[in-house]
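Visitor: I would like to go through this model with you. Could we begin with the strands and then move on to other parts?

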Amino acid sequence: MLMARLMEEKLASLYRSGGRIVGGVYSGKGQEAFSAALTIHLEFGRDIFAPLIRDQAGRLAFGESVMQSFQTHFGTVNGPMRGRDGNVHRGLPREGIPAMISHLGAQISVVSGMLMARQMQGKSGFVGATAIGDGATSTGAFHEGLNLAAIEKLPLVLAVANNQFAYSTPNERQFACRNLVDRAIGYGVVGHEVDATDLVACVRTFREAVANARSGGGPQMVVGNLLRLCGHGEHDDASYISDSAKQAHSGRDCIEVARTQIAEQGWMRETAFAEEEASCRKTIEECVDRASAESLPNPFTCDWSAISSDDLSDGENLKS
Ligand SMILES: Cc1ncc(C[n+]2csc(CCOP(=O)(O)OP(=O)(O)O)c2C)c(N)n1
């Protein structure tokens, strides 16, 4: 969570200074607990995780490296997208991270398809998870994807981060149901609701949801209540978010809440927080330096075959 927060602060500062960033910068500030609590229950290489723009913490907790984020934001030829696709639209499909799709709700069908393909190959014991926002629950793709997953009883965990806004559109202009988790009933899937500012509560909820999905309980929809503590992207000052929303319980910063929980429970020494932060900052600076030194693709000499083709994919484990 801390690494994600500090990485995104660095990316925001690089974006504002007009330096090496290609494209926009989107941050998951306030959503780190909800995102990481999901993916710590997944297994890299066995499970599937289709992240959204606010899932830097979940990506790291699942197994993506710090370097891969900076390489993609800088558009370098050594990054997982070879400099062809920007920032948040990155993935490691062969290792279970499909490259992010912007079209809201579309990833539910993609993950469902990946799960069905594995089932048809006779595999078992895996889970597929994806994350969406409150706004995405009003798309046709959400309806079609979740309905299909429910009918097929797929081992899908759908994390809905209700951060109260879709761009600047507040919840009351998005849906008329009392609570987003009520939608689970209509699809015949199990619904969970959690205070997403509370790391311990998020860990407990996702532990149960992932275990249910893995053991044949069908799709699980987890709605996390929180507030987006930033603009939609770095280009948005979020001036439409009221002070009362910021001061409400759901406006708490999950990292500060987690820090208090950890201190109260004695899970870490007080000085360990500062050591962790210093270590994260050092890693970030090293990755920025290394990624900055890498080249951009040359459009005239670039091999334009699919990134998934053998000669462009990374590592022995990625060869089919
Ligand atoms: C089908 C579709 N419509 C519109 C957009 C443009 N768009 C990108 S992000 C966004 C808001 C998303 O809000 P939400 O789902 O609540 O997620 P959040 O950004 O709050 O995390 C919109 C409207 C899109 N990507 N896809």
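**Strand pairing and beyond**

Guide: Val-160 stands opposite Val-223, a residue of strand 7. This is a predicted model, in which local features need pLDDT of at least 70, side-chain atom pairs count only at pLDDT 80 or more, and totals for chains, interfaces and linings use all residues. Residues are numbered from 1 along each chain as its sequence is written.

Visitor: How many bridges join strand 3 to strand 7?

Guide: Six bridges join them, and the two strands run parallel. Strands (E, at least two residues) and helices (H or I, at least four) are DSSP runs numbered from the N terminus, and two strands pair if DSSP finds at least two bridges between them.

Visitor: And which residue is the bridge partner of His-192?

Guide: That is Val-222 in strand 7. Strand 6 (residues 190-195) pairs with strand 7 in the parallel sense, over six bridges.

Visitor: How many residues of strand 7 are buried?

Guide: Six of the six residues in strand 7 (residues 220-225) are buried. A residue is buried if 20 or more other C-beta atoms lie within 10 Å of its own, exposed if 12 or fewer, and partly exposed in between, with C-beta atoms placed from the backbone. Gln-220, Val-222 and Gly-224 point one way from strand 7, while Met-221, Val-223 and Asn-225 point the other way.

Visitor: Changing topic, which residues of helix 6 are buried?

Guide: In helix 6, Phe-142, Gly-145, Leu-146, Ala-149 and Ala-150 are buried. They lie on the same side of helix 6 because they cover an arc of only 130° around the axis, the arc being that of the directions from the helix axis to the C-beta atoms.

Visitor: What covers them?

Guide: The cover includes helix 5, strand 2 (128-133), strand 3 and helix 7 (183-187). Contact here requires C-beta atoms, placed from the backbone, within 7 Å of each other.

Visitor: What about the backbone, what is the phi of Gln-164?

Guide: Gln-164 has a positive phi of about 80°, although it is not a glycine. Gln-164 lies in the loop between strand 3 (156-162) and strand 4 (165-166), and is buried, with 21 other C-beta atoms within 10 Å.

Visitor: Lastly, which residues come nearest to the ligand?

Guide: Of the 17 residues around the ligand, Leu-104, Gly-133, Gly-135, Ala-136 and Ala-166 come nearest. A residue counts as near if its C-beta atom, placed from the backbone, lies within 6 Å of the molecule. Strand 2 and strand 4 are the elements that give two or more residues to this shell.

Terms used:
Two residues are in contact if their C-beta atoms, placed from the backbone, lie within 7 Å.
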